[in-house]
Amino acid sequence: GAEGGRRCSRFCRMGSLATLLLWGLVCGPPRGRLVRPAALLSAARTDAWLDEQIRLLTSELELSETAAEELVKHTTLVEADLLAKVRFLRTELGYPKARLREMISAHPKLMAACLVDDLESNMSTLGKGLQLSEEELRKITSKVPTLLRYDRQTVRARIAALMSPRGLGLSTQDARCVIRRCPSLLQLRGPEGRYRAIREILRELLEWEDEEILDVVKRFPSILKYNPASYHENFQTLKKATQMSEEELRTVFHKVPEALVYSLNTKLLLNKLAAIKSCCGFDDEDLRMVCRVFPTILKISTQNNLVPKITAIREFFDYSTPDLRKLCMGNKRILGASLEKNIKPKFEFLSGPLVASMSRKEIGRKLLDRPRVLGFSLEHRIRPRFQRLLDAGVKIESLSSWTFLELTDAKFDKFMEKVAPALHSDPKPRIKKRSACHRPGSSSKPRE
């Protein structure tokens with residue numbers, strides 16, 4: 001009762017291992033789990049038993065002897081038959097040998113401490129609660145191996161927090177999608193209260209309805225892992241830096257909810273906004289316009305994506321800072337394009353034989369006149385149209401601008417008729433139509 005609780009608290013504060021072991025022997029093992037002191041465990045593990053377990057593990061999983069010894073000699077080992085767990089993970093969940101070897105090497109304590117009975121009931125509860133297939137269970141537990149040692153009551157409570165009206169109120173299908181994308185949510189303690197607090201803050205701060213909140217959670221479930229105290233700070237930071245209205249900010253955060261959970265300690269959002277301005281030469285009004293029209297820029301890595309991409313464009317076309325600003329403001333989606341898959345292949349094409357008659361600086365001037373061109377598909381628009389012009393004998397440098405890349409297919413065909421009429425001339429001679437008032441046998445003068 002209360003007296004026993006006070007004694008246990010006093011013993012825990014003392015920190016005496018012997019006292020805790022004695023208390024465990026008096027109270028009995030929790031939830032039927034076998035907990036024995038290390039001395040009793042080591043006495044029960046004879047050399048023959050150890051050798052047999054190591055031999056079976058190395059033959060079953062092709063595990064190295066060092067890893068097998070570390071597992072079977074672990075002080076938290078609660079079960080002699082390790083092969084029962086190994087075979088369950090291999091046959092029931094379909095784990096390959098290589099992945100099990102990695103898990104045992106990375107989490108020897110976890111693999112040693114979980115019981116087969118807990119493992120089976122836990123996986124059954126998780127699979128039935130979220131209607132997960134064997135492959136989905138394998139992927140989830142592979143990403144979060146600590147789920148293997150949870151009991152089924154814990155798993156059931158954390159699944160219920162996702163579906164409960166007091167928590168998030170997700171359907172089974174939505175909860176399944178959320179856990180597949182972010183399985184670490186099953187590790188959260190007290191999730192129902194956290195989810196309820198997050199819903200209340202989002203309703204108050206962003207005036208979102210339940211449908212909007214659930215839509216954001218399904219697209220970005222990791223928002224549930226972070227401290228909701230960061231929401232207010234990031235909201236005010238973006239509002240002050242971009243001078244956007246609250247209605248515009250609600251739209252931006254709905255499209256990019258990642259910006260709500262940026263770290264406050266490192267001032268991640270503030271540093272990201274400063275890097276965008278300095279990299280692209282934007283002023284405050286430009287930053288506001290870009291964040292409003294293309295909010296995805298807020299979740300793009302400035303160090304690994306934006307800065308290398310803008311630097312490559314600057315060096316290739318010999319652009320100044322005002323040139324970069326004009327290009328980026330004319331085609332804001334170029335800020336989200338991939339450097340390796342989108343920008344560099346276009347650089348290689350513009351340096352190739354089809355456009356060899358023009359220098360890079362000249363090409364850069366053409367792109368500044370038509371910034372949208374750099375965002376078009378290389379294989380489906382840019383390359384085929386340049387090839388048609390060259391096949392028609394048109395000199396690329398003679399074109400005053402590259403508007404032909406912005407035309408629809410039908411209008412581009414008409415454009416080709418103008419710049420290359422010889423290829424589109426009618427081979428049949430045209431017969432001049434006679435006037436309706438001039439008939440054979442009549443006088444040369446038409447009737448009045």
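Visitor: How do you know that the span of helix 9 agrees with what it should be?
Guide: Keep in mind that this is a predicted model. Helix 9 runs over residues 116-130, and at 1.5 Å a residue its 15 residues should span 21 Å. Its end C-alpha atoms are 21 Å apart, so the two values agree.

Visitor: Which residues of helix 9 are buried, and what do they pack against?
Guide: The buried ones are Val116, Leu119, Asn122, Met123, Thr125, Leu126, Gly127 and Leu130. They pack against helix 6, helix 10, helix 11 and helix 12. Just after helix 9, by the way, glutamine 131 takes a positive phi of about 55°.

Visitor: Why is cysteine 182 called buried?
Guide: Buried means under 20% relative accessible area. Cysteine 182 has 4%, so it counts as buried.

Visitor: How many disulfides does the structure hold?
Guide: The count is 0.

Visitor: Which residues of helix 24 are buried, and how do you know that they line one face?
Guide: In helix 24, residues 409-419, they are Phe412, Phe415 and Met416. Look down the helix axis and these buried residues fall within an arc of 105°, so they line one face of helix 24. They pack against helix 23, residues 378-391.

Visitor: What does the face of helix 24 turned away from its buried side carry?
Guide: That face carries the exposed residues Ala410, Lys411, Lys414 and Lys418.

Key: Residues are numbered from 1 along each chain as its sequence is written. This is a predicted model: local features need pLDDT of at least 70, side-chain atom pairs count only at pLDDT 80 or more; totals for chains, interfaces and linings use all residues. Side-chain values use heavy atoms; hydrogens and water are left out. Helices (H or I, at least four residues) and strands (E, at least two) are DSSP runs, numbered from the N terminus. The expected span of a helix is 1.5 Å times one less than its number of residues. Buried means under 20% relative accessible area, exposed over 50%, partly exposed in between (1.4 Å probe, protein chains only). Contact means heavy atoms within 4.5 Å. A disulfide is a pair of cysteine sulfur atoms within 2.5 Å. The arc is that of the directions from the helix axis to the C-beta atoms.
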